[in-house]
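This report examines a protein model, with attention to its strands, aromatic rings and selected side chains. The sequence and structure are shown first.

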Amino acid sequence: ISTTLRSSYETLSASQVQSMPNISIRKKEKWGFYGHSTIKHNYNLRSISGDKVVIDHATGLMWHQNGSNKYMKWNKVKEWVRSLNSRGYAGYHDWRLPTLEEAASLLESNKRNDLYIDPIFSKKQEWIWTGDRYGSEAAWDVFFNDGSVDWINFSTIHFVRPVRSVE
């Protein structure tokens, strides 16, 4: 593993987010930024007991290849991840929401299949929740349709792409 990303959740300000490691920023905004990851990924698509996962050997993360089929509010997200864990998706019970660092690491520098994310992932999830908060009413998210990172109110609906640490 060449790059270890933060895996515990934090409450982050916009300026903290704009100084995240492993990110190249195209344009700063008061709500976040447009940019992409500088990590050289080494993705491997695997099917474990019929469940598809993407292992990134560069970060030591295992991603849910598809993510959620529909979008949901913040309070529903945790239930969805809990049910994933209780049934043991791909044989594991430690799936979680990604931190902003982890989710932003998926941002590509240019569009592939209309999104700023590697085509090894499902293209349905154009934007995803992270476990990091912005104040008490919002969480950080990543938009693969325009390559942006910003915060969004808990009442908004987003997709989920769970992750787990392999090591």
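## Surroundings of S37

Contact here means that heavy atoms lie within 4.5 Å. The model is a predicted one. Leaving aside residues up to four places away in sequence, S37 touches N22, I23, A104, S105 and L107. S37 belongs to strand β2, which covers residues 32-37.

The relative accessibility of S37 is 8%. Buried means under 20% relative accessible area, and S37 therefore counts as buried. A polar atom of the S37 side chain lies 3.1 Å from the backbone nitrogen of I39.

Strand β5, residues 61-64, is joined to β9 by three bridges, and the two strands run antiparallel. Across this pairing, M62 of the model stands opposite R164 in β9. R164 also takes part in an arrangement with an aromatic ring: its charged end sits over the ring of Y92, 3.5 Å from the ring centre.

## Pairings of strand β8

Strand β8 pairs with β2 through three bridges, and these strands run antiparallel. Y34 stands opposite S148 in β8.

Strand β7, residues 138-143, also pairs with β8 in the antiparallel sense, over six bridges. Here D141 is placed opposite D150 in β8. The hairpin of β7 and β8 has four residues between the strands, and within this hairpin G147 takes a positive phi near 70 degrees.

## Aromatic pairs around Y134

A pair of aromatic rings is described by the distance of the centres and the angle of the planes. The count for this model comes to twelve aromatic pairs. One of them is formed by Y134 and W140, an edge-to-face pair with 5.5 Å centre to centre and 90 degrees between the planes. Which of these two residues is buried, and which is partly exposed? W140 is buried, with a relative accessible area of 0%, whereas Y134 is partly exposed at 28%.

Y134 also forms a stacked pair with W151, with 4.3 Å centre to centre and 10 degrees between the planes. Y134 lies in strand β6 (residues 127-134) and W151 in strand β8 (residues 148-153), so the pair ties together parts that are 17 residues apart in sequence. W151 has a relative accessibility of 32% and therefore counts as partly exposed.

## Further aromatic features

Y71, W127, F143 and F159 form one aromatic cluster. A charged side chain is placed over a ring at Y116: R26 lies over the face of Y116, at 5.2 Å from the ring centre.

Key: Residues are numbered from 1 along each chain as its sequence is written. This is a predicted model: local features need pLDDT of at least 70, side-chain atom pairs count only at pLDDT 80 or more; totals for chains, interfaces and linings use all residues. Side-chain values use heavy atoms; hydrogens and water are left out. Buried means under 20% relative accessible area, exposed over 50%, partly exposed in between (1.4 Å probe, protein chains only). A polar contact is a pair of N or O atoms within 3.5 Å; within protein, one must be able to donate a hydrogen and the other to accept it, and residues adjacent in sequence count only if both atoms are side-chain atoms. Two strands pair if DSSP finds at least two bridges between them. Rings of Phe, Tyr and Trp (its six-membered ring) pair if their centres lie within 6.5 Å; planes under 30 degrees apart count as stacked, over 60 as edge-to-face and the rest as tilted. A charge sits over a ring if NZ of Lys or CZ of Arg is within 6 Å of the ring centre and within 35 degrees of the ring normal.
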